[in-house]
Amino acid sequence: MRWLLALLLLAAWPPAAVALDDLADEVQQVLREAHAEQQALEATLAALATEEGWRAAFRAFNARRDAQQERIIELYQHMKSRAIPEQWEALPRVLAADDGTAQELLGFLQTYDAGRADFQPILQQLRAEAAAGQERAIRQRFP
């Protein structure tokens with residue numbers, strides 16, 4: 001009986017902050033990788049001479065970006081499952097993003113009670129905006 005009580009107490013104990021720090025570090029790593037991918041894309045585009053080459057580079061970049069975004073949401077869900085609201089509120093916050101849609105996504109990522117369904121429309125909007133920007137860049141480079 002005592003081992004059952006001990007097991008219940010252990011299961012109810014608040015998750016360790018160290019685990020949250022490790023997951024937050026992993027989010028930071030994914031963000032660093034995303035930044036490196038963006039720089040690599042710019043270098044790749046500078047070396048390409050055809051519209052099809054640019055389109056292929058954007059397709060490859062978009063696939064990697066989509067996977068990184070999904071990974072961040074997966075990490076968010078994992079972090080949230082290990083934190084109590086007080087721990088979540090104590091995590092460092094990202095203050096601002098480049099545009100309104102990205103800022104909206106950051107707001108949801110930093111909200112304890114946001115769920116996966118909250119992210120999907122924002123990710124779709126971000127991806128549509130990125131595709132439109134890429135198409136403008138292609139049209140500008142290859143009129």
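Author: Let's start at glutamate 74, which is partly exposed with a relative accessible area of 42%. Bear in mind that this is a predicted model.

Reader: Why is glutamate 74 called partly exposed?

Author: Buried stops under 20% and exposed starts over 50%. Glutamate 74 has 42%, so the value falls in between and the label is partly exposed. Arginine 71, with 28%, gets the label partly exposed too.

Reader: What makes arginine 71 and glutamate 74 a salt bridge?

Author: The cut-off is a side-chain nitrogen of Lys or Arg within 4 Å of a carboxyl oxygen of Asp or Glu. For arginine 71 and glutamate 74 the N to O value is 2.1 Å, so the pair passes. Both partners sit in helix H3, which runs over residues 51–82, and they are 3 residues apart, or about one helical turn.

Reader: How many salt bridges does the structure hold?

Author: There are 11 of them. Another one joins aspartate 66 and arginine 65, with the closest N and O atoms 2.8 Å apart.

Reader: Are arginine 65 and aspartate 66 buried or partly exposed?

Author: One of each. Arginine 65 has 14% relative accessibility, and under 20% means buried. Aspartate 66 comes in at 24%, which lies between the cut-offs of 20% and 50%, so partly exposed is the word for it.

Reader: Why does glutamate 135 count as a salt-bridge partner of arginine 139?

Author: Their closest N and O atoms are 3.3 Å apart, and the limit is within 4 Å, so that settles it. In helix H6 (residues 116–141) the two are 4 residues apart, about one helical turn. Glutamate 135 is partly exposed at 30%, and arginine 139 is partly exposed at 38%.

Reader: On to the rings, then. How many aromatic pairs turn up, and what makes tryptophan 54 and phenylalanine 58 one of them?

Author: The search of the whole structure gives 3 aromatic pairs. The ring centres of tryptophan 54 and phenylalanine 58 lie 6.2 Å apart, with the planes at 80°. Centres have to lie within 6.5 Å, so this is a pair, and planes over 60 degrees apart make it edge-to-face. Both residues belong to helix H3, 4 residues apart, about one turn of the helix. Tryptophan 54 is at 10% relative accessibility and counts as buried; phenylalanine 58, at 8%, is buried as well.

Reader: Why is the pair of tyrosine 76 and phenylalanine 119 called edge-to-face?

Author: The planes meet at 85° and the ring centres are 5.1 Å apart. Over 60 degrees is edge-to-face, so the name follows. This pair links distant parts of the chain: tyrosine 76 is in helix H3, phenylalanine 119 is in helix H6, and they are 43 residues apart. Both are buried.

Reader: Which residues make up the largest nonpolar core?

Author: Leu41, Leu45, Trp54, Ala57, Phe58, Phe61, Ile138 and Phe142, 8 residues in total. Two elements, helix H2 (17–47) and H3, each give two or more residues to this core. H3 supplies the largest share, 4 residues. Trp54, Phe58 and Phe142 also form one aromatic cluster.

Reader: What does isoleucine 138 touch, leaving out residues up to four places away in sequence?

Author: Glu51, Trp54, Arg55 and Phe58. A separate core has 7 residues, among them Ile73, Ile122, Leu123 and Leu126.

Reader: What share of contacts with a separation of 6 or more comes from residues 24 or more positions apart?

Author: They account for 71% of those contacts.

Conventions: Residues are numbered from 1 along each chain as its sequence is written. This is a predicted model: local features need pLDDT of at least 70, side-chain atom pairs count only at pLDDT 80 or more; totals for chains, interfaces and linings use all residues. Side-chain values use heavy atoms; hydrogens and water are left out. Buried means under 20% relative accessible area, exposed over 50%, partly exposed in between (1.4 Å probe, protein chains only). Contact means heavy atoms within 4.5 Å. Rings of Phe, Tyr and Trp (its six-membered ring) pair if their centres lie within 6.5 Å; planes under 30 degrees apart count as stacked, over 60 as edge-to-face and the rest as tilted. A nonpolar core is a set of buried Ala, Val, Leu, Ile, Met, Phe, Trp, Tyr and Cys residues joined through side-chain atoms within 4.5 Å.
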